[in-house]
Amino acid sequence: MDTIHDKAPRETAGRTTVTRFRMQFQAAAYAALEILSGKEVDRVYCDYHDDFVVRRTVAGVVEYHFFQVKTKGKANQQWDVAEVFSLKKKGALDTEEKLEAIRKSIAGKLFVHTVEFGEQCRRITVLSNVHFDDDVHEVVADLAAGSSSKKYISQFISKFADIVSPGKPMLPEEVEAARKKLSLLANVQHIGDTLEAFAMAAHKAIWQHSEIELHQHEVERIANSLVALVEEKSCAPINGLSKSGIDTVASVGLEDLLKVLSISTQVYQTLLAGGDPGAIKSASILQRKLKEVGATDSMIEAASRAKVSWDVWVRSARHGSPDFTFNVLLEEIDSKCKLWLLAGGAISDLENFVQGVLDSPIGNKFPALNTDLVFGAFCASVVRRLTR
């Protein structure tokens, strides 16, 4: 009797489809990590308007970058002009059917965003795990230039407005701006059939954008969680949701990333509100170290508030003392923090160390110091020492 393995299965396309979706999720997850830098990127929409959309806020203006993720199974394969643009190198673009084919192509669907979103459409990109044929790069370059020595590309340029906006006339400057927005992202290394390449790239990106140091055993867990997060955001129903509801359900924001990184949103927000420019990194260090020594979540949140109080005091109230005297105080705190860390950092010892600073000759020179301020100073010292 034949076993199940002796006959070729009728359907294996599902496996290929799953792999392609997984690579799409990896690409979106990787893009979302830029949110950690706290700069322009603040949200990534998943399978909403396109495979994923990166939102930036530049000088108070919201802009969107639309991505199509297209993959192939073999590294030596390439995308050609027919696949990306539905363009034929021979013949004329003289029928509605031919224009419609381009409109429905990979690039054509992206170009529609330039019409629908106008100036808010910052960029449109085809992202792939393999290369694009030289002719594809030539079409992109000639579109941006507005002219070409190749007849089939020249026809595309001349018919561009009719293709991407058949029912809405475009001004010449709008056509020119739209043509220039297409880019290609080829041979992307952070997406793949397995999680390994993505995990390595994500680890590097997390450090680049936030300087958070991850233990090796955390990397795979975080990589899995990031991809699962994007998958969840890509599949959640959005019918009937408000704008804020769609943001919550269908996009990745900073709070989502903090959860994946096991960083308390409350601790981060407390440090950020206190003016800490490296709030994500500080929250990560403080939370990890205090967790290691058995601190509860409420104790960690109290520690973040104490650090903020110390930081504020350092920026303002301490200026009534000479710099030399203040630096001696910092050295006293740092030396006691070092001893506490070397001794294993037991929570039960922390109160003694704090009281030791308050009772020290240098501590007595600062009447405003109290337990909370010195505890905050210890927290700041912990972050400073573990950042080195």
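1. Let's start in a loop: Ser 86 sits between helix H2 (81-85) and helix H3 (96-103). Helices (H or I, at least four residues) and strands (E, at least two) are DSSP runs, numbered from the N terminus. Phi of Ser 86 is near 55°, a positive value in a residue other than glycine. Most residues other than glycine have a negative phi. With a relative accessible area of 31%, Ser 86 is partly exposed; buried means under 20%, exposed over 50%, and partly exposed in between (1.4 Å probe, protein chains only).

2. A word on the model, which is predicted: local features need pLDDT of at least 70, side-chain atom pairs count only at pLDDT 80 or more, and totals for chains, interfaces and linings use all residues. Residues are numbered from 1 along each chain as its sequence is written, and side-chain values use heavy atoms, with hydrogens and water left out.

3. His 49 also has a positive phi, near 75°. You will find His 49 in the loop between strand E1 (41-46) and strand E2 (52-58), and its relative accessibility of 46% makes it partly exposed.

4. Now look at helix H15 (residues 297-315). Among the buried residues of H15 are Trp 310, Asp 311 and Trp 313. The buried residues of H15 pack against helices H13 (265-273), H14 (279-292), H16 (323-342) and H18 (371-387), where contact means heavy atoms within 4.5 Å.

5. How do H14 and H18 pack? Their angle is about 105°, with the axes 9 Å apart. H14 is therefore roughly perpendicular to H18, a term for angles of 65 to 115 degrees. Residues of H14 including Ile 285 and Lys 289 meet residues of H18 including Val 382 and Leu 386.

6. Leaving aside neighbours within four places in sequence, Lys 289 is in contact with Leu 341, Val 382 and Leu 386.

7. Finally, the largest nonpolar core has 80 residues, and Leu 226 and Trp 310 are among those with the most contacts inside it. Such a core is a set of buried Ala, Val, Leu, Ile, Met, Phe, Trp, Tyr and Cys residues joined through side-chain atoms within 4.5 Å. H18 gives the largest share of this core, nine residues.

Key:
Axes fitted to C-alpha atoms, helices over the stretch in contact; angles between N-to-C directions. Parallel < 35°, antiparallel > 145°, perpendicular 65-115°, else oblique.
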